[in-house]
Amino acid sequence: MDLNSILADVQENWWLYCLLPVVAALIGYGTKLAAIHMMFYPLKFVGIKPFGWQGVVPARAHIMAGIACDTLTKDLIRPEELFDRLDPARVAKEIEQPLLKMVDDITREVAAAYQPGLWESMPESVKKMLIKRVQKDAPTMVEDIMSDVRNNLDKVFDLRDMIVKNLTRDIVLLNRMFQETAAEEFKFIRNSGIYFGFAIGCVQAVVWALTHNPWVMPIFGGITGWLTDWLALKLIFEPREEKKVFGLFKWQGMFMKRRDEVAVDYGTIIANEIITPANITDAILTGPMSDRLFEMVQRHVQRAVDEQAGIAKPLMVYRIGSRNYQEMKKIVAERVMERAPEALHEIEEYAADAMDLKTTIIDKVRALSDDDFEGLLRPIFKQDEWKLIAVGAVLGFLVGELQVQIMLSH
């Protein structure tokens, strides 16, 4: 085509040429929306294997949770550090009321079971005196158990198991951890599709005017989908340090530049929804190491029972039998473990304040090395990243083909 023919074609179909950059911008934006959505949804596999899709994060939930956990346990949180902030005496004080009620109930239950005649014949004032004696020493036992737990924390508490279990059990929470931490980055990815797509669309319009080659539209559409996805992901993390681009403007990877904001968002969701006093308590009482905790509690409870029995112990053993006496101590320990969640619920507010987990994580995230900081978000892009970019390219190609048909029809 000569220059006059090109100018005549552009003049006649000017609105179509103006539309090309707009459509390319929409392709860029649409493919970004699709890529981001595919990272997190659907939560469960849709389709007939091997054909179908599940969100990258839900499909790799154990891997993602494991990576998040490794970052938390390696660089940010030491269980010993958190437990050191708890004052055993203050804990005993916080659970005083449920503890006294627990001692009352357990003493009455066990005494009535193993010494029914004797216990029932006692005046109520004597029963209360015996119960108060046990209650008086209960806080000391709580402090002793806490000290024992702290000294043997690695034997009774598995932080990694707790984090992974909570994140894999609640995929929505796992998604939110990434979505909220990187909200600005995902917004940038979406919007970058418009700007990059528009620029590529301008080039596309010029090439079409010069060639009218039917392959121009789908090829440029594919390039728009692929290049804008790739470039947007690249600009999130690189460069790590602020640099001049083409000598025109300064740029630093968005995620790296937002370190302080990310630290606050990350610390907030971890402290409020993942590593909470309630979750820690549940992990200690019901986690894979809970049997060791029971053994520890049983040892302290049995010692307390022996101390309370005092000089009457031989008589008690004689009256109820050695086997029953040992069984009684075991039952007391079991009842303590059963009632523990109810009592420990009372310390959650104090524990949250004392541990101050949110501030701890925020400060430590800010102090991470560049590699470790990037690791907070980078894994969700590394997993199946090529598939997301490929989908963008395919969608762009198909829309480009549609553009060809529209242009040729005019």
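**Close-up 1. Arg259 and the ring of Phe373.** In this predicted model, the charged end of Arg259 sits over the ring of Phe373, 4.4 Å from its centre. A charge counts as over a ring if NZ of Lys or CZ of Arg is within 6 Å of the ring centre and within 35 degrees of the ring normal. Lys49 likewise lies over the face of Phe45, at 5.3 Å from the ring centre. Local features in this predicted model need pLDDT of at least 70 and side-chain atom pairs count only at pLDDT 80 or more, whereas totals for chains, interfaces and linings use all residues. Residues are numbered from 1 along each chain as its sequence is written, and side-chain values use heavy atoms, with hydrogens and water left out.

**Close-up 2. The tilted pair of Phe83 and Phe157.** A search of the whole structure finds five aromatic pairs. Rings of Phe, Tyr and Trp (its six-membered ring) pair if their centres lie within 6.5 Å; planes under 30 degrees apart count as stacked, over 60 as edge-to-face and the rest as tilted. The ring centres of Phe83 and Phe157 are 6.0 Å apart and the planes stand at 55°, so this pair is tilted. Phe83 belongs to helix α5 (residues 79–84) and Phe157 to the loop between α10 (153–156) and α11 (159–169), so the pair ties together parts that are 74 residues apart in sequence. Helices (H or I, at least four residues) and strands (E, at least two) are DSSP runs, numbered from the N terminus. Both Phe83 and Phe157 are buried, meaning under 20% relative accessible area, with exposed over 50% and partly exposed in between (1.4 Å probe, protein chains only).

**Close-up 3. The stacked pair of Phe255 and Phe373.** The aromatic pair of Phe255 and Phe373 is stacked, at 4.8 Å centre to centre with 20° between the planes. Phe255 in helix α15 (residues 254–257) and Phe373 in helix α23 (residues 370–374) are 118 residues apart, and their pair links distant parts of the chain. Phe255 is buried, with a relative accessible area of 0%, and Phe373 is buried with a relative accessible area of 0%. Ring pairs link Phe237, Phe255 and Phe373 into a cluster.

**Close-up 4. Gln298 in helix α18.** Gln298 is found in helix α18 (residues 290–309). The side of Gln298 is described as buried, with a relative accessible area of 16%. Leaving aside neighbours within four places in sequence, Gln298 is in contact (heavy atoms within 4.5 Å) with Lys330 and Ala333.
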